[in-house]
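Hi,

Here is the structure I promised to pass on. Have a look, and my notes on the charged side chains follow below.

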Amino acid sequence: AHDLQALAPATDDGIRRQVESADPDLETDLADWADPSCLRPKLTLLGPVEVRAQGSLPERNPRRQFYTEIVAYLATRPGGVTSERYATAIWPNEADVVGKTKVRQSISVVRAWLGAAPETGAYYLPSGLTAAAAGRYRINGILVDAELFRRLRVRGLARGTDGIADLCAALDLVTGRPFDLPASRHRTAGGYSWLVDDNARLDHEYAAMIVDVAHTVATHYLAAGQPEFAAAAAEVALKAGSYEDVPLLDLVAACDAQDKRAEADAYVARILANHDAEVEEDLPPRTAEILFRRQWTDRAG
């Protein structure tokens, strides 16, 4: 009960209306995300990092992975960043990079790649030299799967039991590990180093966000007598790279409810292996308590 109150706090009609009215564009944005003909730039972070945009990159040297990183950096800073902060984040190993021509050139390439909004003609990445931008680079109007996930989670929790569909829609956005990067970007000097240097590790934050929503959905479906849907939710957390006990415990419960004893035992064994434990007493107290209470470890043994 304590866990559920923390993950899915009690709500009422007033809170629901307030949350829904605070985000009136969510359905439109979700439709645009799913529409392959929509010209708005789209950024995938809940899986392999990818940008879909209407423009094109330089034909002779597209450097798609590099410019994808720039979009990811700017899109995860809704307040924008100064050109100095941008330069030192993208080129962390160049002490004198601030003011170099390549800093402005990179922004120009990304601006052309993302294109302009057809309704207004305004670039999604405006010039940082305008009075309106106040010397800051910021991407406007981009669709980001992690942000759609967050908005669906907020609305889903506000809707109470009726919000399970929103939480499931959020899980459908997950395609893999958050910020799953090609090996070449890991090898490139400084590539995505800003993920580590920032105070908040977005990849870890997104992974935890996915586990929390998956656990809420799994708990709902286990209580509703639909363990197959609970298992599907927990599998999303594993697809996102979680090594936590929570989704594995949810899978044990789902398998147990479907009388899939061998599969349940395999998940218990996986939990023990993750902790290099031989018996349940070696597990974290909470995990051991859950397994003992449900008498799963004895069956696995």
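By salt bridge I mean a side-chain nitrogen of Lys or Arg within 4 Å of a carboxyl oxygen of Asp or Glu. Bear in mind that this is a predicted model, where local features need pLDDT of at least 70 and side-chain atom pairs count only at pLDDT 80 or more, while totals for chains, interfaces and linings use all residues. Residues are numbered from 1 along each chain as its sequence is written, and side-chain values use heavy atoms, with hydrogens and water left out.

With that rule, I get 18 salt bridges. One of them joins D162 to R16, at 3.1 Å from N to O. These two are 146 residues apart: D162 sits in the loop between α7 (145-158) and α8 (164-172), and R16 is in helix α2 (residues 13-22). (Helices are DSSP runs of H or I with at least four residues, strands are runs of E with at least two, and both are numbered from the N terminus.)

How covered are the two partners? I call a residue buried under 20% relative accessible area, exposed over 50% and partly exposed in between, using a 1.4 Å probe and protein chains only. D162 is exposed, because its relative accessible area is 53%, whereas R16 is at 25% and so counts as partly exposed.

R159 and D166 also pair up, with 3.0 Å between N and O. Here R159 is partly exposed at 22%, and D166 is buried at 6%. Both pairs belong to a salt-bridge network made of R16, E20, E27, R155, R159, D162 and D166.

Another one to look at is D29 with R151, whose closest N and O atoms are 2.9 Å apart. It links helix α3 (residues 26-34), which holds D29, to helix α7, which holds R151, across 122 residues. Both D29 and R151 are buried.

There is also a negative surface patch, formed by D276, E278, E281 and D282. For patches I took residues with over 30% relative accessible area and no salt bridge, joining like charges within 9 Å and nonpolar side chains (Val, Leu, Ile, Met, Phe, Trp, Tyr) within 5 Å. Asp and Glu count as negative, Lys and Arg as positive, and His and the chain ends are not counted. E281 lies in the loop between α14 (261-274) and α15 (285-294), and its 61% relative accessibility makes it exposed.

For the overall picture, the chain has 16 helices and five strands, and 45% of its 301 residues are buried. Its C-alpha trace spans about 65 × 45 × 30 Å along the principal axes.

Cheers

Conventions. Areas by Shrake-Rupley, 256 points an atom, 1.4 Å probe, with all protein chains shown as cover. Charge placed at Lys NZ, Arg CZ, Asp CG, Glu CD.
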